[in-house]
Amino acid sequence: MLRFGIRARPRKMASLEGLGSGPEGRLKRLRKIVTGLVRHERLEMPHGTADEARGYAERLIQIAMKHGDQHPPTMEMANYWLLEKDLIHKLFKVLVPRFQNSPYTFTYMWNLPTKYPSPGGAMAILELKGNPWPPVKPRQRETRYMLSNVLLDAARHDYHRQKEMEQSLETRQSHDQGETTAAEQEVTSQDDAVAFSGVKSTGGCETQDIQGVTSQSKGTDLKPA
């Protein structure tokens with residue numbers, strides 16, 4: 001069982017070995033690709049062709065890992081798919097030990113960027129894992145500890161710290177201002193209450209005086225002549 005998804009039906013690959021080559025030409029083309037992949041371990045080709053040949057290369061390596069070079073049917077299959085016979089030794093002595101403990105696929109397939117204008121379709125790279133070539137996708141260089149990035153991180157830290165201090169200071173000032181306003185309002189309300197009580201008591205005294213004057217005037221009027 002292959003370790004990646006494949007098409008349910010074979011892909012149409014017309015005119016690979018000339019017009020009218022048919023299924024025989026298709027297999028001949030795939031055998032050339034598998035042979036070149038084992039030889040060079042990296043090939044660039046149309047995306048459809050790479051996707052179709054990938055399954056045959058994976059299956060060949062898988063069967064070689066499972067049965068070894070002492071299994072006649074496996075040797076016949078390797079002899080059929082590898083047109084260059086010295087690659088049979090590489091298959092069993094180099095590739096099988098390389099992928100013996102690999103739980104994943106044995107190949108990578110990379111989609112290449114499409115060039116415009118381009119006469120053909122999408123292109124791809126098919127390669128064996130662990131090949132000696134430089135990686136297709138370059139590794140991201142570690143730039144965290146570069147001097148410029150260290151300085152930028154320090155400046156960013158100081159900026160955020162200053163912002164936090166300013167926000168805390170503003171919060172404290174607004175809190176103190178609110179407490180001062182509340183105290184002033186409380187003192188003002190107490191002064192108003194004291195003034196209102198004083199006015200009320202004075203008004204009562206005036207009322208009593210007015211009542212006394214009225215009573216005196218009435219008493220004067222009632223005296224006999």
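Asn-131 is buried, because its relative accessible area is 14%, and the cut-off for buried is under 20%. Keep in mind that this is a predicted model.

Where does Asn-131 sit? Asn-131 lies in the loop that runs between β3 and α5, and α5 covers 147-222.

Now its contacts. The side chain of Asn-131 makes a polar contact with the side chain of Glu-127, at 3.1 Å.

Next, the strands. β3 spans residues 123-128. Look at the sheet it belongs to. Three strands make up this open sheet, and their order is β1-β3-β2. The pairing is antiparallel. Which strands are at the edges? They are β1, at 42-46, and β2, at 107-111. Each of these two pairs on one side only.

Let's zoom in on one pair. How many bridges link β1 and β3? Five bridges, in the antiparallel sense. To find one of the partners on screen, go to Met-45. Its bridge partner in β3 is Ala-124.

To recap. Asn-131 is buried, and its place is in the loop between β3 and α5. Its side chain has a polar contact with that of Glu-127. And β3 stands between β1 and β2 in the order of the open sheet.

Methods: Residues are numbered from 1 along each chain as its sequence is written. This is a predicted model: local features need pLDDT of at least 70, side-chain atom pairs count only at pLDDT 80 or more; totals for chains, interfaces and linings use all residues. Side-chain values use heavy atoms; hydrogens and water are left out. Two strands pair if DSSP finds at least two bridges between them. Helices (H or I, at least four residues) and strands (E, at least two) are DSSP runs, numbered from the N terminus. Buried means under 20% relative accessible area, exposed over 50%, partly exposed in between (1.4 Å probe, protein chains only). A polar contact is a pair of N or O atoms within 3.5 Å; within protein, one must be able to donate a hydrogen and the other to accept it, and residues adjacent in sequence count only if both atoms are side-chain atoms.
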